[in-house]
Amino acid sequence: MPIQRLFIANRGEIAVRIVKAAKELGITTIQAHSDADKDMLAVRMADEALSIGPAAAKDSYLNVDRVVEAAKASGADAVHPGYGFLAENAGFAKAVTEAGMIFVGPAASTIERMGDKVAARQAAEAAGVPVVPGSKGRIETVDEAAEIAQAVGYPVMIKASAGGGGRGIRIASNEVELRELAPMAQAEAKAAFGDGGLYLERAVASPRHIEVQIVGDGNQAVHFYERECSLQRRRQKVWEEAGADCLDEATRDKLCQTAVALAEAVNYRGAGTLEYLYDPGANEFYFIEMNTRIQVEHPVTEMVTGFDLVKEMIRVCGGEPLSVSQDQIKRSGHAIEVRLNAEDPFMQFLPFPGKVERLKLPEGDGIRVDHFMYEGYQIPPFYDSLIGKLIVHGRDRADAIAKMSRALNSLEIDGLKTTVPLHKALARDADVAADAFHTQWLEPWLDAGNLSSEQM
Amino acid sequence: MSQVLSPLPGTFYVKPSPEAKPYKAKGDMVAVGDVIGLVEVMKTFIEVKSEKAGTFREYVADDACPVSAGQPVASLEF
């Protein structure tokens, strides 16, 4: 039976996005919120709203029991987790299912498998997806790590097997460093995740971050092409594109095919993203991990393909087969998204949870703003600083960058400090225009003083 | 008497980690720039520093509780 009452266990702009998609599908929306989020836009837009606890995320959006209890009490037949919070928590997916509701995402066992880096890597290798040369399984001792690093080749990255979000990653250039860093990584992994297992892989120099969007219905999967997300600060993406112009057609095809193969091999249901490192010099790509949820940057894919990924994931999780076959998915033009964060880019990106005094959003063909602001809205200080995303769609990459510049110039958010000045500077940077960057590019660019208040 | 104010809205903490001891206890000497607590704002931890020197009296904001910008979090004596 298709989903009729959807409980949205998230906040911010993604909650707004999910409410809109569900309404268009004729589904009744029930918005969860903490005490600090009573006034948020998704609460105002949803058909119903329900408090799930105090401001602190651990007592509300991250509290499995409270969220499941509230969803049940609301009479929901499905729960959408959005991204972040409990979206990739297998225990939450299991609790939702055991309470008799649909989890809008993959099966708990798939989340568990793809969330463990070693298991995900094994699944990728089994499906024929190239992976970065590295350890075959968990590493428990430092001697074992040294032996494997010798075979893989330095420099190596040391990662927590159970980790995520770039936490606990260290790079060792030689055995002396490895012997010093591995015990620290192990202790940190144990403290953060309760699991001291490590794994090692070769550190690829100046790689690009490329990812493939897939949607599966449990039997079949299709891809919606790739995204380029190399512009990152502290391992957080700030600017994302679809597609990746650095890829030739043959490499793009191979990349997308392997993503579908892996998704089908794990009987994937819902929207997911396979993340890869791409070595432009060698024209090689390597699978790094899978995100088993809708992602922040999904709109760029929607812009170039014309499909609504959030609706599609709700439909397939409600039990329908994919509404689209691979040959119906075409891409056209180029899309760019920039993340608008309530941070002061001239003050080391210090968070700035102010009040939106005045809001003027750019409008026009090929311009989209996903956000949760309104005039008079006080941004709560308790959660992520993302306040919205500006997305543009152009004929080609140069046209998209020009459109992004114009859109940024007509965007006005008074009362807050935001990352808009950073994006304006990026949109007129020569390296960005030349598509000549990689995942280690933005931080040195900032350190070199390329963003200064005088230019603005 | 003087008060230490939170520079930003967020969640105030009196100690660097859940297992640690509070930064200051009654009677401790406080120098200008000493860390008194942390404010977690949008997933970033900002140190709350004393702008005055003195003797620590008490925390006036509770650990792990919401604070607003400019709210007193601790008091000092001279």
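Trainee: How many bridges join strand β4 of chain B to β5(B)?
Mentor: Six bridges join β4(B), residues 35-41, to β5(B), and the two run antiparallel. Strands here are DSSP runs of E with at least two residues, numbered from the N terminus, and two strands pair if DSSP finds at least two bridges between them. Please note that this is a predicted model, in which local features need pLDDT of at least 70, side-chain atom pairs count only at pLDDT 80 or more, and totals for chains, interfaces and linings use all residues. Residues are numbered from 1 along each chain as its sequence is written, chains are lettered from A and ligands numbered from 1 in the order in which they are written, and side-chain values use heavy atoms, leaving out hydrogens and water.

Trainee: Which residue stands opposite Val41(B)?
Mentor: Thr44(B), in β5(B), stands opposite Val41(B).

Trainee: And what sheet do these strands belong to?
Mentor: An open sheet of four strands in chain B, in the order β5-β4-β2-β7, with antiparallel pairing. Its edge strands are β5 (44-49) and β7 (65-67), each of which pairs on one side only. From one strand to the next, the twist averages 40°; axes are lines fitted to C-alpha atoms, for helices over the stretch in contact, and angles run from 0 to 180 degrees between N-to-C directions.

Trainee: Let us move to chain A. Is β12(A) enclosed or open?
Mentor: Strand β12(A), residues 269-279, has 10 of its 11 residues buried, so it is largely enclosed by the rest of the structure. Buried means under 20% relative accessible area, exposed over 50%, and partly exposed in between, with a 1.4 Å probe and protein chains only.

Trainee: Which strands pair with it?
Mentor: Strand β9(A), residues 208-217, is joined to β12(A) by 10 bridges and runs antiparallel to it; Gly216(A) has Gly270(A) as its bridge partner there. Seven bridges join β12(A) to β13(A), residues 284-291, again antiparallel, and Glu275(A) is bridged to Glu289(A). The hairpin of β12(A) and β13(A) has four residues between the strands, and Asn283(A) takes a positive phi near 50° in it.

Trainee: What does Phe287(A) touch?
Mentor: Leaving aside residues up to four places away in sequence, its contacts (heavy atoms within 4.5 Å) include Ala120(A), Val131(A), Leu262(A) and Glu275(A). Phe287(A) is also among the residues with the most contacts inside the largest nonpolar core, which has 130 residues. Such a core is a set of buried Ala, Val, Leu, Ile, Met, Phe, Trp, Tyr and Cys residues joined through side-chain atoms within 4.5 Å.

Trainee: Which helix gives that core its largest share?
Mentor: Helix α1(A), residues 12-24, with seven residues; a helix is a DSSP run of H or I with at least four residues.

Trainee: What about β6(A)?
Mentor: All five residues of β6(A), 156-160, are buried. Val156(A), Ile158(A) and Ala160(A) point one way, and Met157(A) and Lys159(A) the other. Strand β6(A) pairs antiparallel with β7(A), residues 170-172, over three bridges, and with β8(A), residues 198-202, over five bridges.
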